[in-house]
Amino acid sequence: MKQGSHRGIKAPKVKLQILRIFFLAILIPILVLGIFSILHVRNQMAEHYDSQVKADGLRVNSILFDITTSIYTSSESIAGNKRNLALFGSEYTDVSDKQDYLELCEELSSFTKSTASISSLHIYTTNPNIPVNSFISTISDNPDEEWYQKIGTHWATWTTLSKTDSLGKEHYELALIRRLGIVSKDYRAYLVINLDNNYLKNRIEQNRYPVIACVDNGPAFYASNTSLLQKKMPFPDDFEGSFYKYTGSLSVDGKESLSNIISFRPYKTDNMFYICVHDSSAYASINRMTGLYLFIILIATLVPSCIIFVFSSYFSNRITTLKTAMHQARMGDYNIIDHFKGDDELSETFTDLKATVEKIHEKEARYYEAQLTEQQLINRQQQMEFEMLASQINPHFLYNTLETIRMQALANGNRDVATSIKLLGKSMHYVLENTGTSSTTLAKELDYIKTYLAIQNLRFGDRVNATLTVQEGLDTDNLKMLPLLLQPIVENAIVHGLESVEQNGHILIDVSTSGSDLVITIKDNGPGMDETTLENLKQHIANHDPHDTRSIGLYNINQRIHLLYGENYGLDITSSPGLGTTVTLCIPQTYQQI
C-alpha cells in the first residue's frame, strides 16, 4: 500500500477506543446488573411487605371471627332459653314468672361480669308487664332507638352503636342485636350486646401494622388511628361488596399505604366484616432502598468513568507525543524531545526511537565513507565469486574420471580395484541422477542398496552380511517411491547397529505389502537398545533439534515421508537388549503409469 493511501485512512483514536471498550465491557454490564438488582430488591421488599400485611390481616380476621363467634354462641344461653322466651311473652302474673325474672336478672348480671369482651348487655321488650332494671327496659312498638333501626327484619345482626360514657363523652362500640323468638304475637323482645373497645384494642393492637375494621361497608368501629373511627374505610375503585380480598396501594388518611383488605361473614348473621391492615411506610422504605441502590450504581459508574476519562486523556496525549516524534523522524527531522513521561512500554518505545535516531546520525556520518569503499567491496566480491566458481568440481567430471581409472585398473589386470571403482561410480551415478527428483522405482532403489551393501562388504568383509527378500509377485519396476529413503537406514544399521559386532554381523531387508501399503523392514543382529535409549531415539526422530546431529538421517526420512504421504506413514523402531534393532518403513503403494 502506498504511503499516501495509508495516511488517508484514519484509525479511531486510542482515547475513543478506551472509552468505547470501557462503555461496552464495564459500564453497560454494571448498569444492567444494577437495574436487575434494583428490580429484584424492589420485588423482594414488596413481597416481604405484602406477606407481612397479609399475615397481620389474617391474624385480625381470625381474632374478630373468634370474638364474634364466641359472643354469638354465648348469647344462645339467653336468647335460646325457652324459659326466658316464655317470660317475655307472658302477662307476668304467676309466681313462677317472677321467679323466672329473678333468675334471668341473675343470669344477665353473671354473664356480663364473667365475659370480659362485653361492655354492656340489655334486653328491650314491648311487654309492659315486665319489670325494668339495669338489664331490662320496655319500649314502644316502634321505638326511635338506633339499634332498632339497624336490626330491621333480621333475626340477628352486627352493627356499630353510639354510646355515652359516665363523663358524657360519646363513643362507638361494636354490638350484636338479636331478636328473641318469644311465643307471643303481641309482644317482642331484643337482646343488645355491646363489645368492649378496650378488649378489642388489647386483642388487635398486638399487630405490627395499623388496623381499620367495619361492618357492611359502614363506618369503622375500630381503628388504630382514632381519627379514622366512624369514617368510611378506604376501598379500591373496583370494590363491589360481598367477599373481598385486596393487596395493594390505598390512600389512608391522606397517605399512600400498602394495604391488605380481607373480609369474613360472622357466625349465623348476614353481615360482612371488612378488615384493612395498612403500612404507610412500606412504599417509602421501598423507594428509599431504591434510591440508595441508584446512588450506589451512580457512584459505581461515575467514579470509574472519571478515572477512565482522565487515564484515557493522559494515555492518548502520550501516544500523540510519541506519534509526533516518530513522524518527525520519518520526515528526516531528528530534533525530537529529550524526555517522555511514564514508565511503561510506550516510554521504552520512545527510548528505542531515541536510540534509533542517534544511530541514524552515526550512520549518516559514515554514509559517504561507505559510498567511497562500496565499489571496492563489489569488485572484491566479484573476484571471490570467480575464485569459488573456479574451485568447484563438476560431479559428472568426477564420475567420468572414476570410469577412466576403472578402465586403467582393468588394463593393468587389477580386477578388485576395478570392481571397487565400478561400485563407487554406480552408487555416485544413482545419487546424482536422483538429486532434486521426487520419484524413483522400488527396483532402482533396491539395486542402489545392493550396490551400497557391496561397497560395505568390501570395507568390512564378513563382519557385515546382508539378505534382501522381496515378496513374490511384487511389481518393483513400476512401484514408485521417494529416492534415497533406504540407504540412510541401512547405513545407520551398519554404523550403529553392528558397531560392536566383530564378526557375522547380519542385516535383513524384507520388502512386502500390507493391504494398500508397502512395508520395508530393515533388521540387524546387533546388541540392541534399552527402553530409555529407544525412547530418546524416537523423540529425536519425532522432534529433531537442529543443533543435534544425532539421528538426522532418520529424522529427514521420516519428515520426507510425512510431507509427501501424510502423518499416517513414516518410520517405526523396535529394539530390545541382545535382540538387535528393527526399523520399519511404511508408505502407500503407488504405481507409475505404464
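Tyr267 is partly exposed, at a relative accessible area of 33%; here buried stands for under 20% relative accessible area, exposed for over 50%, and partly exposed for what lies in between, using a 1.4 Å probe and protein chains only. The model is a predicted one, so local features need pLDDT of at least 70 and side-chain atom pairs count only at pLDDT 80 or more, while totals for chains, interfaces and linings use all residues. Residues are numbered from 1 along each chain as its sequence is written, and side-chain values use heavy atoms, with hydrogens and water left out.

Back to the rings. Rings of Phe, Tyr and Trp (its six-membered ring) are taken as a pair if their centres lie within 6.5 Å, with planes under 30 degrees apart counted as stacked, over 60 as edge-to-face and the rest as tilted. That rule gives 13 aromatic pairs. In one of them, Tyr72 and Tyr267 have ring centres 5.5 Å apart and planes at 85 degrees, so this pair is edge-to-face. Tyr72 belongs to helix H2 (residues 14-79) and Tyr267 to the loop between strand E9 (255-264) and strand E10 (273-279), so the pair ties together parts that are 195 residues apart in sequence. Helices (H or I, at least four residues) and strands (E, at least two) are DSSP runs, numbered from the N terminus. Tyr72 itself counts as buried, at 6% relative accessibility.

A charge sits over a ring if NZ of Lys or CZ of Arg is within 6 Å of the ring centre and within 35 degrees of the ring normal. Likewise, the charged end of Arg179 is found over the ring of Trp155, at 5.7 Å from its centre. Phe65, Trp158, Phe221, Phe264 and Phe273 make up one aromatic cluster.

Now for the sheet. Five strands form an open sheet in the order E2-E1-E5-E4-E3, with mixed pairing; two strands pair if DSSP finds at least two bridges between them. E2 and strand E3 (156-164) are at the edges with a single partner strand each, so one side of each has no neighbour in the sheet. From one strand to the next, the twist averages 30 degrees. E3 pairs with strand E4 (residues 170-180) in the antiparallel sense over nine bridges, and Thr164 has Glu170 in E4 as its bridge partner. H2 packs on this sheet, touching E1, E3, E4 and strand E5 (189-195), and its direction makes about 50 degrees with that of E4. Contact means heavy atoms within 4.5 Å, and axes are lines fitted to C-alpha atoms, for helices over the stretch in contact, with angles from 0 to 180 degrees between N-to-C directions.

E1 is mostly covered, with six of its eight residues buried. E1 pairs with E5 in the antiparallel sense over seven bridges, but with E2 in the parallel sense over three bridges.

At 0% relative accessibility, Asn127 is buried. A polar atom of the Asn127 side chain lies 2.9 Å from the backbone oxygen of Phe88, and one lies 3.0 Å from the backbone nitrogen of Asn129.

Conventions: Polar contact = N/O pair within 3.5 Å; in protein donor to acceptor, adjacent residues only side chain to side chain.
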